[in-house]
Amino acid sequence: MTTVDLPLLPLGRGVDLTSERGVECPGDLPPASDPALVERARAAKDTLGERVFVLGHHYQRDEVIQFADVTGDSFKLARDAAGRPEAEYIVFCGVHFMAESADILTGPHQKVVLPDLSAGCSMADMAVLSQVEDAWDALAEAGVQDAVVPVTYMNSSADIKAFCGRNGGIVCTSSNAEMALEWAFDQKAHLDGGGKVLFFPDQHLGRNTAVLKMGLTLDDCVVWDPQKPNGGLTTQQLADATMILWKGHCSVHGRFTPEVVDKLRATVPGIQILVHPECTHEVVLKADLVGSTEFIIKTIEAAPAGSSWAIGTELNLVKRLANDHPDKNIVFLEKNVCYCSTMNRIDLPHLVWALESLVKGMVVNQIDVDDETERHALVALQRMLDLPGKSHRD
Ligand code: 13P
Ligand code: SF4
């Protein structure tokens, strides 16, 4: 087994252009203190007009989100990117895997720009292609590979999505994981004893969906540890399992704890707990509602004035919801600050630099997935986009 790739390499300069990991952001950025940044961003956007389409993920900073033509969760943004063939430039204010997906879903005449290339995702880095291929080979050796459908969370690199495309698998997001799992199990419904899913990189989304939405038990799930020989599992465990969960997680959502949920319930009468499915199973079990960032926003919008909510997701979004709904009592489900550091790397100086460069005819920080990877990744992404519409609760 070749598990030489270390996840979570330090983010910084000149590390690895082909992965989610941090890389150098070349170019002279305007200083963050420049009071004219807002005007400069507006002017550059106005000059570019319809040629540019700016997408903003819900975890982006306010200073950036104000310039987004559309905001959304990762599923909605993938759909929105695919729905704008006339835009020459897609400026993606989000993280690397989202920009890659936008590049795959847009036409060859369109260029996708990520304002800071070091905006990666530590969870996406927890499954690298060589590790996934090792796991796939091990499943063959265990005699179970024919029963397995690979399902990757959107939060994965393009080559992992391509792996799924090549091997009969699918991509899912936090808003359609249940439908994607149903699709995956349907592919093997003809087999005696049904099929299995290899789910990566987020064990929590996989477990929460399997147990709370699909009616599987915790005993039906095993965790594949890419750092251990044979994933740390016996052939019998692989044969018995229905869900093989990759040992990956989100460092932001992993911080929420059941203890804080208990404390809030004890101190704030009627408080409702609303969390993202990347939270641990223990936290999700104690929550009232679970869903994607888009689901979280729609839930708060529909909530009655005076209602109380503790939200377990990234802090930029929770702060924005609290500011936008002063008639509701909205708190963060954690005492400590909990931003996604890589999402936060997209700031106004980087956005201004990217937009002004486009005005000058220079495409900076282009995300360009190679044709072969793109072809196979598109198969898995398209299977997701073809899932029945009710999978996305918007
Ligand atoms: P959504 O799929 O809800 O947009 O979440 C993406 C993400 O990165 C959550 O950590
Ligand atoms: Fe990745 Fe977590 Fe940040 Fe989402 S919040 S981009 S999963 S590190």
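Predicted model: local features only at pLDDT ≥ 70, side-chain atom pairs only at ≥ 80, totals over all residues.

Reply: Residues are numbered from 1 along each chain as its sequence is written, chains are lettered from A and ligands numbered from 1 in the order in which they are written, and side-chain values use heavy atoms, with hydrogens and water left out.

Me: Why is helix 6 called roughly perpendicular to helix 15?

Reply: Helices are DSSP runs (H or I, at least four residues; strands are E, at least two), numbered from the N terminus. Axes are lines fitted to C-alpha atoms, for helices over the stretch in contact, and angles run from 0 to 180 degrees between N-to-C directions. The axes of helix 6 (residues 158–166) and helix 15 (residues 371–385) cross at roughly 70 degrees and come within 7 Å. Angles of 65 to 115 count as roughly perpendicular (under 35 is roughly parallel, over 145 roughly antiparallel, the rest oblique). Therefore helix 6 is roughly perpendicular to helix 15.

Me: What makes the contact between helix 6 and helix 15?

Reply: Contact means heavy atoms within 4.5 Å. Among the residues that make it are A158, C164 and R166 of helix 6 and H376, A380 and R383 of helix 15.

Me: What makes helix 7 roughly perpendicular to helix 8?

Reply: Helix 7 (residues 177–187) and helix 8 (residues 203–212) pack at about 75 degrees, their axes 10 Å apart. That angle makes helix 7 roughly perpendicular to helix 8. A177, E178 and L181 of helix 7 meet L205, T209 and A210 of helix 8.

Me: How do you know that C164 is too far for a bond?

Reply: A disulfide is a pair of cysteine sulfur atoms within 2.5 Å. The closest cysteine sulfur to that of C164 is in C172, 9.3 Å away, so the two are too far for a bond. For C338, the nearest is that of C250, at 7.7 Å. The structure holds 0 disulfides.

Me: Why is C164 called buried?

Reply: Buried means under 20% relative accessible area (exposed is over 50%, partly exposed in between; 1.4 Å probe, protein chains only). C164 has 0%, so C164 is buried. C338, at 1%, therefore counts as buried too.

Me: What makes helix 3 mostly covered?

Reply: In helix 3 (residues 74–82), 7 of its 9 residues are buried. Those covering them include strand 1 (52–57), helix 4 (96–105) and helix 15.

Me: Which residues are around ligand 2?

Reply: Y59, C121, S122, M123, N155, C250, E278 and C340; near means a heavy atom within 4 Å.
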